[in-house]
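Trainee: I have just opened this entry and would like to go through it with you. May I ask questions as we proceed?

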Amino acid sequence: MAQPDSKKIFFENLSGAGKAIAVLTSGGDAQGMNAAVRAVVRMGLYVGAKVYFIHEGYQGMVDGGDNIKEASWESVSSMLQVGGTVIGSARCKEFRTHEGRLKAANNLVQYGITNLCVIGGDGSLTGANLFREEWSGLLAELVEQGLIETDAIQKYSALHIVGMVGSIDNDFCGTDMTIGTDSALHRIIEVVDAIMTTAQSHQRTFVLEVMGRHCGYLALVSALACGADWVLIPEMPPEDGWEDKMCQKLSATRSRGTRLNIIIVAEGAIDRHGKPITSSIVKELVVKCLGFDTRVTILGHVQRGGTPSAFDRILASRMGVEAVLALLETTANTPACVVSLCGNQSVRLPLMECVQMTQEVQKAMDEKRFEEAVKLRGRSFENNLKTYKLLAHRKPESELPTSNFNVAVLNVGAPAAGMNAAVRSAVRVGISEGHKMFAVSDGFEGFYKGQIKEIKWADVGGWTGQGGSLLGTKRTLPAKHVDKIAEQMRKHNINALLIVGGFEALLSLLELLTARGKYDEFCVPMVMVPATVSNNVPGSDLSIGADTALNAITTTCDRIKQSASGTKRRVFIIETMGGYCGYLASVGGLAAGADAAYIYEEPFDIRDLQANVEHLTEKMKTSIQRGLVLRNENCNENYTTDFIYQLYSEEGKGVFDSRKNVLGHMQQGGAPSPFDRNFGTKISAKAMQWVTKKLVETFRQGRVFANTEDSCCLLGMRRRALVFQPVVQLKDETDFVHRIPKEQWWLKLRPLMKILAKYKTSYDVSDSGQLEHVVRNRPKESDASVAM
């Protein structure tokens with residue numbers, strides 16, 4: 001008889017019965033910490049453990065008393081959307097002393113706590129590891145002093161620690177994104193977008209100072225996301241003479257007709273000699289050299305505040321559950337670990353390896369080994385810097401390679417926020433590689449009508465922050481007009497195609513691939529970059545535009561739930577977009593704290609609906625005031641939004657009333673989120689570099705001829721890597737009738753949503769993180785930097 005997979009159904013294999021887990025937040029606060037606390041508490045209770053809050057970080061652990069309180073399911077309700085940390089955070093000098101840690105150990109033993117989940121930065125996590133190493137010695141001292149019984153040494157022999165990194169600076173090595181970073185980027189980009197409109201009106205230069213005393217991540221990524229003219233970060237100080245170069249760049253930008261300049265300065269920015277470069281120094285320099293009307297804006301603690309983004313809520317919820325899993329699986333010999341994200345994959349890394357690597361970065365910066373500091377930050381940071389330099393600083397014509405290749409860029413399918421950032425990136429990288437770039441308006445409809453024109457470097461200035469599709473996009477497929485498209489390819493001598501779009505873009509490439517047999521014009525390198533709010537493109541875990549749509553759903557759900565504040569109990573039924581793909585409903589439900597999400601991929605019947613109503617009725621009677629139910633627009637042709645609304649209204653009579661909302665096209669509109677701007681920018685740059693490589697490989701006897709499968713690809717994110725996949729190989733992975741991939745990674749997140757909504761369900765942990773080691777520089781193909 002086959003043995004069941006020992007890691008398959010977690011609830012049957014791992015139990016927290018008899019265990020006590022404590023959660024604390026320490027150091028600087030970060031948006032998303034509350035989502036992590038909520039996930040730890042609810043997952044801990046779900047597995048049968050006792051869970052405790054430690055208020056005010058390590059100070060609360062040292063002081064004990066009311067600072068250590070048992071947590072209940074209800075005590076973490078309504079905190080998902082709250083910024084900061086509701087259990088408080090404080091910097092504690094006393095915990096740094098042996099006496100302070102002795103008091104803390106005594107307080108934990110009184111509650112039987114031997115499992116700690118610490119949410120904080122590298123200082124907080126280093127302190128936790130020291131505490132763990134001293135634990136047995138501290139217990140022996142407490143026995144000597146008569147503060148605990150002798151058998152406590154055996155009973156509480158080991159302290160287990162799992163860390164989650166909560167820091168807006170994203171300065172912790174080993175993880176692609178720390179909790180709070182994405183939300184801080186949202187705050188910065190909101191300000192930059194607002195400033196751009198006033199700067200444009202008055203032809204001003206704005207110098208923005210963002211947080212990052214020792215890490216330039218926020219400055220670098222926000223510069224990439226808004227297309228800033230100049231950025232100053234501590235890891236890579238500018239070369240001597242930067243002042244003249246910067247002023248020349250600003251002046252050249254203005255001379256091309258641009259009405260504004262944006263300079264972003266990290267608060268820890270320095271020059272090559274370690275001298276600080278402040279925002280006021282930069283302002284004085286611009287005024288003195290160029291005479292431009294210049295203003296300084298220092299964002300300060302605005303970046304720490306506000307509600308967490310959808311990304312941070314999902315990241316924190318996933319990490320919180322992973323932290324509880326890690327604590328349950330730990331043994332006395334397991335090193336303290338950090339749960340982290342690498343690409344789209346949960347990982348566990350030894351805490352001290354990460355801390356040591358983080359400290360090495362600072363050491364390299366102190367010793368002026370700046371190139372090494374950038375490399376130590378990780379491939380994600382390094383790629384951000386390379387991409388920024390490539391897109392922001394145009395080489396003189398004399399320095400550009402001359403390839404004599406013509407590359408066309410077009411959007412296909414429905415608009416998605418971030419498409420314009422992808423087009424800008426493709427155009428500028430293409431020009432940098434020596435190609436002549438052509439823009440096709442209105443997708444393949446514009447293609448066959450001849451709406452094709454050359455697009456220059458300056459034409460795409462300011463595109464990153466624009467929503468929708470500035471090129472214009474249509475769902476028209478090429479098959480009907482393939483002869484006219486071939487004629488236009490011939491007329492403009494198009495040597496390669498880069499398509500930014502959704503499911504229609506994939507279908508278009510398959511049609512063009514078929515047309516190669518009849519038309520040599522299509523025997524050129526063709527690549528697709530996925531962009532659709534539905535996130536239904538096979539071959540990629542994520543699509544450009546999906547993050548912006550998730551944020552629209554999450555923000556709207558927050559407001560809708562708040563509308564019932566102080567009224568009687570109420571359940572909201574909300575319909576999301578996505579076609580037959582349940583990504584927005586499921587992941588949006590996780591981010592918004594939904595009680596249920598109905599999707600096509602997980603069939604349901606009237607009994608399931610009835611069970612959900614009964615579950616909500618029970619919760620409403622005992623604790624919560626508001627319920628949230630999401631429904632994908634095509635989840636079931638009979639169980640419509642109206643039907644579900646009427647069912648809940650009828651069955652909930654006397655306990656709650658119901659309301660319904662159809663979110664519609666607001667999910668498709670708006671300015672792109674920082675994630676979508678950067679994902680679009682970086683994935684499109686990589687696609688363009690692939691095009692260049694293929695053009696060189698397939699250029700023979702005076703022309704480009706590419707007719708192999710691997711010359712027509714989709715570039716997608718797969719777990720930890722950006723991968724080029726021949727579209728013909730994706731056919732078997734695709735359900736063409738319902739326009740979705742046959743296997744979808746996010747379905748594994750659905751039990752997570754159910755657990756956090758108090759359902760008893762089985763949880764598949766075969767995909768959960770395994771303890772790995774920190775790798776100094778991952779191999780190139782494993783570049784997981786799409787997580788920004």
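**A first conversation about the model**

Mentor: Let us begin at the surface: K93 counts as exposed because its relative accessibility is 69%. Please keep in mind that this is a predicted model.

Trainee: Where does K93 lie in the chain?

Mentor: K93 is in the loop that runs between β3 (68-70) and α4 (98-111).

Trainee: And which residues gather with K93 in a patch of positive charge?

Mentor: The surface patch of positive charge is formed by R91, K93, R96 and R213.

Trainee: Let us turn to salt bridges. How many are found in the whole structure?

Mentor: A search of the whole structure gives 36 salt bridges. In general, side chains of opposite charge can pair when their charged atoms come close.

Trainee: Which residue forms a salt bridge with R313?

Mentor: The partner of R313 is D558, and their closest N and O atoms are 2.6 Å apart. This pair links distant parts of the chain, with R313 in helix α11 and D558 in helix α19 (residues 546-563), 245 residues apart.

Trainee: Are R313 and D558 buried or exposed?

Mentor: Both R313 and D558 are buried.

Trainee: What about helix α11 itself; why is it described as largely enclosed?

Mentor: Of the 20 residues of α11, 19 are buried, so the helix is largely enclosed by the rest of the structure.

Trainee: How many residues of α15 are buried?

Mentor: For α15, 14 of the 14 residues are buried, so this helix too is largely enclosed by the rest of the structure. Helix α15 (residues 419-432) should span 20 Å at 1.5 Å a residue, and its end C-alpha atoms are 20 Å apart, which agrees.

Trainee: What follows α15?

Mentor: G434 follows α15, and the phi of G434 is positive, near 95°.

Trainee: Back to the salt bridges, please. Which residue does D657 meet?

Mentor: The side chain of D657 meets that of R570 in a salt bridge, at 3.1 Å from N to O. Here two strands are involved: D657 is in β21 (residues 657-662) and R570 in β18 (residues 570-576), and the pair links distant parts of the chain, 87 residues apart. Both D657 and R570 are buried.

Trainee: And what does R750 pair with?

Mentor: R750 forms a salt bridge with E602, the closest N and O atoms being 3.0 Å apart. R750 lies in helix α24 (residues 750-756) and E602 in the loop between β19 (596-598) and α21 (606-622), so the pair ties together parts that are 148 residues apart in sequence.

Trainee: Are these two buried or exposed?

Mentor: R750 is buried, with a relative accessible area of 4%. E602 counts as partly exposed, at 29% relative accessibility.

Trainee: Which residues are linked in a network of salt bridges?

Mentor: The network links K693, K694, E697 and D710.

Trainee: One last topic: where is R516 found?

Mentor: R516 is in the loop between α18 (503-515) and β17 (526-530). It counts as buried, because its relative accessibility is 6%. The C-alpha atoms of R516 and A706 are separated by 9.5 Å, although these residues are 190 residues apart along the chain.

Technical notes: Residues numbered from 1 in each chain as written. Predicted model: local features only at pLDDT ≥ 70, side-chain atom pairs only at ≥ 80, totals over all residues. Heavy atoms only, no water. Patch = residues over 30% accessible without salt bridge, like charges linked within 9 Å, V, L, I, M, F, W, Y side chains within 5 Å. Areas by Shrake-Rupley, 256 points an atom, 1.4 Å probe, with all protein chains shown as cover. Salt bridge = Lys/Arg side-chain N within 4 Å of Asp/Glu carboxyl O. Lys, Arg positive; Asp, Glu negative; His and termini not counted. Charge placed at Lys NZ, Arg CZ, Asp CG, Glu CD. Helix = DSSP H or I, 4+ residues; strand = E, 2+ residues; numbered from the N terminus. Buried < 20%, exposed > 50% of the residue type's maximum accessible area, 1.4 Å probe, protein only. Expected span 1.5 Å × (residues − 1).
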